[in-house]
Amino acid sequence: MNSKIGILYSTVDGQTLKICTVIKEVLVEKGNTVELFSIEDFKGKVTNFDKFIIGASIRYGKHNHKIIEFINQNKAALDKTENAFFSVNLVARKPEKASPETNPYFIKFLQTIDWIPNTSAVFAGKLDYQKYPFTDRLMIQLIMWMTKGPTNSKTKIEYTDWDKVREFGVLMNNM
């Protein structure tokens, strides 16, 4: 059955949007109608869709507060619609922290909201020091040093597992 699917995202450096675009491509290939919105641009209703996916990235240990506000304000509508949430963060580059059950940011996120998504996922993001403003670069290097990640300011690594992203799209199609 073809569905009308909404995908809402919050991104800092563009990786979450890139992930959403791949999910959208998978869903459109399966015959669905898919609309993609940034958290700043969404003016519609969750219930206008058969399925609703929310994706958000982490910066300094937190998801965008607008995503949290959106979920809190739309909890009833989300609960009436097939839904999913995924988090994008660099901690997920480690296999032992790459699932909703083991990712500390995802676990913490669920504790800050009064909603449990039907389906959830965690995807590793992209590390590109050259793209970050100076202060962000220093902070991310410090965090990476603390978590035994790369700290060279020329580092550019895409940790996202694109097969895992496409599998999530197929899973959403089959919901």
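**Buried residues, cores and a pocket**

User: Why is Thr119 called buried?

Analyst: Thr119 has 13% relative accessibility. Buried means under 20% relative accessible area, exposed over 50%, partly exposed in between (1.4 Å probe, protein chains only). The value falls under the cut-off, so Thr119 counts as buried. This is a predicted model: local features need pLDDT of at least 70, side-chain atom pairs count only at pLDDT 80 or more, and totals for chains, interfaces and linings use all residues. Residues are numbered from 1 along each chain as its sequence is written, and side-chain values use heavy atoms, without hydrogens and water.

User: What does Thr119 touch, not counting residues up to four places away in sequence?

Analyst: Its contacts (heavy atoms within 4.5 Å) are Asn83, Ala84, Phe85, Phe168, Leu171, Met172 and Met175.

User: What makes a set of residues a nonpolar core?

Analyst: The members are buried Ala, Val, Leu, Ile, Met, Phe, Trp, Tyr and Cys residues, joined through side-chain atoms within 4.5 Å. The largest such core here has 22 residues. Among those with the most contacts inside it are Leu8, Ile67 and Phe85. A second, separate core of 19 residues includes Tyr9, Ala84, Ala121 and Phe168.

User: Which residues does Ile67 contact, leaving aside neighbours within four places in sequence?

Analyst: Ile67 meets Leu8, Tyr9, Ser10, Ile39, Ile54, Gly55, Ala56 and Phe85.

User: How many residues of each class line the largest pocket?

Analyst: The lining has 11 nonpolar, nine polar and six charged residues. Nonpolar means Ala, Val, Leu, Ile, Met, Phe, Trp, Tyr, Cys and Pro; charged means Asp, Glu, Lys and Arg; the others, Gly among them, are polar. A pocket is an open set of points on a 1 Å grid over the protein atoms alone, where a 1.4 Å probe fits, with protein on both sides within 12 Å along at least five of seven lines; lining residues have an atom within 4 Å of a point.
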